[in-house]
Amino acid sequence: MIRLQDISVPVFGRYLERLDGLVIIAAAHVADRGLPEAALLQSRLAPDMDPFEAQVRMAARFPLRALRPLVPRLPDLQFEEARSFATLRDDVAAALGVLSLMEPADLEGREAEIVTDRAGLADIALPAACFVVDYALPNMLFHLSIAYAIARWEGVKLGKADFDGWHRY
């Protein structure tokens, strides 16, 4: 049987590290070209979408949205609008720090416990395992993907290997 711990904490951690790598590459791109950080931080794919910095913050926050209801002792981090790449990296590091506080026993036997959240205008209530697999992980990866797409749109040299860390070309 796959444990909730196994399908959440290490996966969230892996993709938080990938997110941090994306921010590092985006920051280097801006610095190498002498561009203002805000040019990329506030870039978006469409007028009604959140900008790069918000996509990174939302991706960083999803592991906490998934796990804190199950482990209330975890700190409730609130990320404000990021005005720099350094702030974004601090937010990702803070989320990784929260994950490092997790112990396997924290989630033991909690798979069926109901987790509630707000998804846009919808209220959702799902068993913890479904919440993680069907809602939180896809949403984290959605925001990571959009941040990646915005960076690519702005000319940042990224590839699939930067996103998942597995591919080599």
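This is a predicted model: local features need pLDDT of at least 70, side-chain atom pairs count only at pLDDT 80 or more; totals for chains, interfaces and linings use all residues.
**Notes on the helix packing and the hairpin**

1. Just after helix α1, G34 adopts a positive phi of about 65°. With 30 residues, α1 reaches 44 Å from its first C-alpha to its last, close to the 44 Å expected at 1.5 Å a residue.

2. On the α1 side the contact uses V9, F12, G13, L16, E17, L19, D20, V23, I24, A26, A27 and V30, while α4 supplies F85, L88, R89, V92, A95, L96 and L99. Sorted by class, this contact of α1 with α4 has 15 nonpolar, one polar and three charged residues.

3. Next, the pair α1 and α6, where the packing angle is about 10° and the axes lie 11 Å apart. Angles under 35 degrees count as roughly parallel, so α1 and α6 are roughly parallel to each other. From α1 the contact takes in L4, I7, S8, V11, F12, Y15, L16, L19 and L22. From α6 it takes in A128, A129, V132, V133, A136, L137, M140, L141, L144, A147 and Y148. The class count for α1 with α6 is 19 nonpolar, one polar and no charged residues.

4. Leaving aside residues up to four places away in sequence, I7 touches I2, V132, V133 and L137. I7 and A125 are 118 residues apart in sequence, and their C-alpha atoms are 19 Å apart in space.

5. Helix α6 (residues 128-153) also packs with helix α3 (residues 52-67), at an angle of about 160° and with axes 8 Å apart. The same cut-off of 145 degrees applies here, and α3 and α6 are therefore roughly antiparallel to each other. The crossing of α3 past α6 is left-handed. In α3, the residues involved are F52, Q55, V56, M58, A59, F62, P63, R65 and A66. They meet F131, V132, Y135, A136, N139, M140, H143, L144, I146, A147, I150 and A151 in α6. By class, the contact of α3 with α6 has 17 nonpolar, three polar and one charged residues.

6. Finally, the strands. Strand β1 (residues 114-119) pairs with strand β2 (residues 122-127) in the antiparallel sense, over six bridges. R118 stands opposite D123 in β2. The hairpin of β1 and β2 has two residues between the strands, and G120 takes a positive phi near 65° there.

Conventions: Residues are numbered from 1 along each chain as its sequence is written. Side-chain values use heavy atoms; hydrogens and water are left out. Contact means heavy atoms within 4.5 Å. Helices (H or I, at least four residues) and strands (E, at least two) are DSSP runs, numbered from the N terminus. Ala, Val, Leu, Ile, Met, Phe, Trp, Tyr, Cys and Pro count as nonpolar, Asp, Glu, Lys and Arg as charged, and the others, Gly among them, as polar. The expected span of a helix is 1.5 Å times one less than its number of residues. Two strands pair if DSSP finds at least two bridges between them. Axes are lines fitted to C-alpha atoms, for helices over the stretch in contact, and angles run from 0 to 180 degrees between N-to-C directions. Angles under 35 degrees count as roughly parallel, over 145 as roughly antiparallel, 65 to 115 as roughly perpendicular and the rest as oblique. A crossing is left-handed if the near helix is turned anticlockwise from the far one by less than a right angle, and right-handed if clockwise.
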